[in-house]
Each structure stands twice: as C-alpha cells, then as structure tokens.
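I opened the model to look up how its chains meet. My entries follow the structure.

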Number of protein chains: 2
Amino acid sequence: MKIAFEELKAVIKKAFLKAGLTEEQAELCAQIHTESSADGVESHGANRVPRFVDYIHRGLIDLKGSPELLGAKGAVENYDGHLGIGICNAMFCADRAAALAKEHGIGCVALKNTTHWMRGGTYAWHMADMGLMGMCWTNTESCMPMWGSDALGVGNNPFCIAIPRENGPIVVDMAMSQYSYGKLGVYRLAGKQLPYPGGFDSDGNLTTDPGAIEKSMRILPTGYWKGTSLAIALDMAAMLMSNGIVASDMDQDKYGSCGGCSQIFIAYDPYLFGSKEEIQEKLDKRVEAADSTHPADPKHPVRCPGESTVARRKKSMAEGIHVDDDVWQQILALAE
Amino acid sequence: MKIAFEELKAVIKKAFLKAGLTEEQAELCAQIHTESSADGVESHGANRVPRFVDYIHRGLIDLKGSPELLGAKGAVENYDGHLGIGICNAMFCADRAAALAKEHGIGCVALKNTTHWMRGGTYAWHMADMGLMGMCWTNTESCMPMWGSDALGVGNNPFCIAIPRENGPIVVDMAMSQYSYGKLGVYRLAGKQLPYPGGFDSDGNLTTDPGAIEKSMRILPTGYWKGTSLAIALDMAAMLMSNGIVASDMDQDKYGSCGGCSQIFIAYDPYLFGSKEEIQEKLDKRVEAADSTHPADPKHPVRCPGESTVARRKKSMAEGIHVDDDVWQQILALAE
C-alpha cells in the first residue's frame, strides 16, 4: 500500500516513543526510517521498524547510550557509541566529521561499540546535503563466506561515497555481497530467479536460484574475490581506526546484527582548491557525459548512482510511500 | 624466463637512464617496476617498461615535471603533477600523506595532472610499510561502459586499501572492472575461457570468451552495476578533491592512458586510539579467523588479500622473477 510521508513518519514515531525513545530520538529515527522507504530502500526503512523495537526490548540497544569522546588528534575523533541507537550515533558522528572537515579540510570520525545504522547511504546523503564530500562504512557480523570458503567468514560491510551536487548528489551505497538476504527473499517469494548469479548452491555451483543460496548461505561477494577482499580490508580498517571489534567478535550473536560494530565517517570540503562554481560545473558535465552514453536498451537510459533515488523520492512524495501490508500492520500494532 | 631481482632492476634502470630519466628517477622507477613483477603484477611491472619509454618519447610524460604545491589546508595538500613521471609523483604524494597523518591523525594529498602510476597497490603497500593505514585511488580514461550502456563511459579507477601488519600487510588493489584487458589477452592467447563471465559479447550476452569481450569492448564491471557506480563516484571524487579532470576529459587520447589524471592518497595513523601491541594483536586474530574458515576446496586454503602477494614475492626473490621472453628482449634492447 501507499502511505503519505507524514503519516508513515508519525506512526513510526509513535511506535518509537512507545518503545521508550525520547522525543528527539524518536523524531530523528522516524524521519530516517521513513526517508529510506521513500527512497526505495524499504529493507532498511519501514521494514526494519519491528526488528529495531525488538532489539530494544531484548536490551541489544541501550536507549541511554550516546557517543562519548574517547580521544582526538587533529582532524580525527574517536567515540564510544555505548551500544546506543545506531542512527543517532551515526548522525552525530557524520555531523562531527563535517565540522572537522570545515576546520582541517578533511575530517574523520571513528565510532566504535555502536549498533546497526540501518541504511549506510543515509550518512553519505547527509554529508552531501551539508555540502561536503562524504565517505563512510561499517563493519558487520559475518554473513558471507570468504572467497574460496563455504562457511561464513566476513561481513558485507557497506561502503558509501557521496558527491555533493546542486543538481542532486551522486551517491554510492554498496554492500560487499552481490545481493542482500532481503533481496533473495523478495525474489524467492515472487517465484523469480535472480537476474545474475547471486551465490553458490550446496553443490558449489553458481546459481540464480534465491532459495538455493539461502539454504547454502554461500552468498556471492560483489565481483567474486574482489568483494571479500574489500570487505575484510574495510572490517580491519574500521576496527583499527576506532580501536573497535571485527566481524569475528560479533559472530556470537549475543549482540544481534551489527551490535558492537565500528563505523567510519570521512568528510572532505569540496571547495578547498576550486571554486564552488567551477567544481559544480565540472560535476554536471561529468554526469551529463555518463548519462548520454549509448544505452544497451533504448528504453533504459544510463544514470549515475543516486539519480534514480532522487526520482524515486519525488514519486514517493507525490504518490505516497510503498509499504508492505504486513509491515504496516506490525508498525500500527507497535504504535498502539 | 626467470631473472634475479637485481639483474632485472639493473637492466630496467639502464633503459630508463637511456630514456632520459635522472639517476634518482631511474632508481625509483626501476625498483617499483621490478617489485611489481616480483609480486606477480607483471602487467604493471616489467611488461609496462616499453610503453612507459614510448610515452616519454611521445612527450606524453614530462621528465622535468614534478609535484608543485598548489594549496593546503590543515590535513590536506593539493599538488599539480605537471604530467611528470607517475611513479615519482605518486610516491612523493604518498610520503606527504604519511607526514600529514603523523601530524593530524589523518592526512590527505590530492594530486592532479599526473600520469599513469602503474600499479596502484604500490602506494598502499608503501604507506603500510611506513606503518600507516593507507587508501588511494586514481581516475583513468574511459575503458568500460556504464552499467546499461554498450559504449565506453567510465574508467576502471583502481581503489586500494592497505592495513599495516607486522606479519605482512593486508592490501586490496582493486580495479572496478572484473578483468583487465591485459588479463583477457592472456586468456585469449592461452586459448582459455575466463573462470567467470567477464563481459558482454556484441549481442549483449554475458560471456566467458575473452576474444568476444575484446571485440565488443563491453568489459564487465566488478559486481555488475556496483562496479560502475563506485567507479564513477571515485572518478568524480578524485576530480573534486584535487580540482582535476575526469575520465571524459581524458578520452581524447592525446594524453595516453591516464595522462592528466587525478590521484588521492589518504594515510591514517593506526595507533591513535589503541596501542600498537593491541591493534596488531587484533589484526592477527582477524586474519587467523578468516584464514581458518572452511575452504570449499581443501587444496586451496582461504587467504586474506596481500598474503599471497607476500608468498609470491618470497618465491620471486628465491627463484627469480618471471618475465615474458618477448618483454625481456624489448627491455634489453631499450637498455642497449
């Protein structure tokens, strides 16, 4: 079904207030979850509301936890998230990275001991909205085998880059698995095969059958060996930069998904060495050059990452946000 | 054939001196080309010597060009490479990023108007060798279609991360195309199919036939749509950070491959918030956890990126470096 932004946000906020969040926490978290659904990232938007509330009830998220400054040097700050709300911790750190970038050209915040930030792109978009180039990533528990392994060994560690652009930012929000388990479920329930192989079946053959991959748990890394190489480097980098923990420490499941993880936020002032006018013009020309390359299928023009999100958001604002019927009923129940 | 490190380096150095490099330039460049071959990255090691010399003769590389500081703010510096030797420019900037990191926690150097840096991993390894976490990337001319396009539109923009480790760094050096054209050529000449699809043929079908991809020029991005999304964001980020140019500016081919490109070097002090002992122990445990995950094929144990490079380097030092016979003859001729 389709629900207006303000209505969806209001109901989610009510559910969050009922779960014990403060007015300020509930406002921010409801806004972010609703935005993610509006942008078409339902898996980390409305769909995630029930699990978030469940994590609070299970004590996996500490509503009183907030970022504590542990150390700082020059352009870098290190925080302990105290297992507070992932969204609140991450937004705080993205803001701090931006402030550091304004002062030092580049700013970096290394957050440890936090919880699931939901959609990684949120913080990249946020940095771009503040007029900065942004980069952020998180480590996660193991959900994918290392290349050459048939057992879970590394997280999908989403990595995001945002390029601020007056005409709409260019944003990459990229997990290191080719498909998420959420996506596999969507295809399986629809009785569809994946458009490209998404993992190995239990016999070790590449397959487009989502159910076979859910069973083997041998989800495919983005670009085969490349995806797990980048994933494990990002895992170690997040730990090292924040003095936090790595996937193998999160795998006992006592924390829930991403509990105790580290997140890195890097912001960069885009107009250090060129004027805003000059840089923006060069960005526009680059996007135009990419978008005007010849499409393989004339019905599908080429687009840079982020452009279709802006279009989807506009559509959601005009026509309402798509929410799964069951999910909507669950959120309504949580808000009652 | 196999050639000892010092012999290979000496002959390459002689060729470079003959091409007009100074003693210092020739020493550094010969060292780096030889190291790349020793590490098994022949495509950007010995194999690249003739093309590098050709670029000098064609005036695409200015032997007198060296990094000029254009601007600086806090932890960031911006250089114009003046189309100097890519290796020399990049090594200088990696060193500067390291020095900035020592002072500000994080350091970033944005280099513009430089030339091909050969193997991107060189600078990541170098930062790790200096005890820092390193990240670097370059933009390149278009060599890959944007996702959904059948015409060249974006570079393969290699992205590197190095994690410093006493027991051997973990290093990712990852182009945004699944296979390089060099690799396609190797498979085609050997009459082999690629292990996984590497592009689309002229009819738009995914294929493992290297010749069909060389013909269509529809090389596959790493992780399908993900690879070109990350590639174009890295292209724009490199331009924006350095106030340089983008792929579409390099596509006129008047510059040769990567001529005029931008490169970004980010270094991070790994012991800002944890002691060296603590961080190194956590890194070792992480590598051990990954490497001990169950292998799909018991003959091929799981390894983290960089570990096999260290092994390959040791083998090259003990047994000599593999160099293609034709390439060796070409280098000998250039050195005469």
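This is a predicted model: local features need pLDDT of at least 70, side-chain atom pairs count only at pLDDT 80 or more; totals for chains, interfaces and linings use all residues.

Residues are numbered from 1 along each chain as written, chains are lettered from A and ligands numbered from 1 in the order written, and side-chain values use heavy atoms, without hydrogens and water.

Symmetry: I superposed the copies by least squares on C-alpha atoms of residues with pLDDT of at least 70 in both, and a rotation of 180° with 0.0 Å of shift along its axis brings chain A onto chain B (RMSD 0.0 Å). That is the relation of a two-fold axis, and A:Gly223 has the C-alpha of chain A nearest to that axis, at 2.1 Å.

Interface: counting contact as heavy atoms within 4.5 Å, I found 89 residues from chain A and 89 residues from chain B. I looked up salt bridges (a side-chain nitrogen of Lys or Arg within 4 Å of a carboxyl oxygen of Asp or Glu), and the rule finds two across the interface. One that I noted joins the side chains of A:Asp235 and B:Arg286, at 2.6 Å from N to O. Helix H8 of chain A (residues 225-242) gives the largest share of the side touching chain B, 13 residues; helices here are DSSP runs of H or I, at least four residues, and strands are runs of E, at least two, numbered from the N terminus.

Sheet: strands pair if DSSP finds at least two bridges between them, and in chain A three form an open antiparallel sheet in the order E11-E10-E12.
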